[in-house]
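Please keep the structure in view while reading the points below.

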Amino acid sequence: ITIQTGKPDLKGIDTVILYLNAQRQEEYYEYLLELKPKRVIFNPGTENPEFYKILETAGIEAESACTLVLLSTNSY
């Protein structure tokens with residue numbers, strides 16, 4: 001698997017999982033909106049009501065959850 005850095009031009013993204021706190025997320029707002037994922041998962045410590053609203057206005061589901069718990073309970 002190739003590791004990509006920066007903000008590559010990606011297509012067909014289903015889910016973005018965030019591990020950045022709310023302040024660090026701001027520089028990625030436009031990039032994540034351009035990716036047009038179906039959903040963005042905010043792990044514990046990354047909660048960001050401002051970004052939730054922006055995503056939902058763009059038709060992107062914002063979910064506050066622990067990815068590891070979602071995977072272990074087959075809820076991903």
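The points below treat ring pairs, their cluster and the charges placed over rings.

The model is predicted. Three aromatic pairs are counted in it, and two of them are described here in turn.

**The pair of tyrosine 29 and phenylalanine 51**
- The ring centres of tyrosine 29 and phenylalanine 51 are 4.1 Å apart, with 15° between the planes, so this pair is stacked; planes under 30 degrees apart count as stacked.
- Tyrosine 29 belongs to helix H2 (residues 29-35) and phenylalanine 51 to helix H3 (residues 49-57).
- Tyrosine 29 and phenylalanine 51 are both buried.

**The pair of phenylalanine 42 and tyrosine 52**
- Phenylalanine 42 and tyrosine 52 form an edge-to-face pair, at 4.7 Å from centre to centre and with 80° between the planes.
- Because phenylalanine 42 lies in strand S2 (residues 39-42) and tyrosine 52 in helix H3, this pair ties together parts that are 10 residues apart in sequence.
- Phenylalanine 42 and tyrosine 52 are both buried.

**The cluster**
- Ring pairs join Tyr29, Phe42, Phe51 and Tyr52 into a cluster.

**Charges over rings**
- Which ring has the charged end of lysine 7 over it? The ring is that of tyrosine 28, and the charged end sits 5.0 Å from its centre.
- Arginine 39 lies over the face of tyrosine 76, at 4.6 Å from the ring centre.

Conventions:
Residues numbered from 1 in each chain as written. Predicted model: local features only at pLDDT ≥ 70, side-chain atom pairs only at ≥ 80, totals over all residues. Heavy atoms only, no water. Phe/Tyr/Trp six-rings, centres within 6.5 Å; stacked < 30°, edge-to-face > 60°. Helix = DSSP H or I, 4+ residues; strand = E, 2+ residues; numbered from the N terminus. Buried < 20%, exposed > 50% of the residue type's maximum accessible area, 1.4 Å probe, protein only. Lys NZ or Arg CZ within 6 Å of the ring centre and 35° of its normal.
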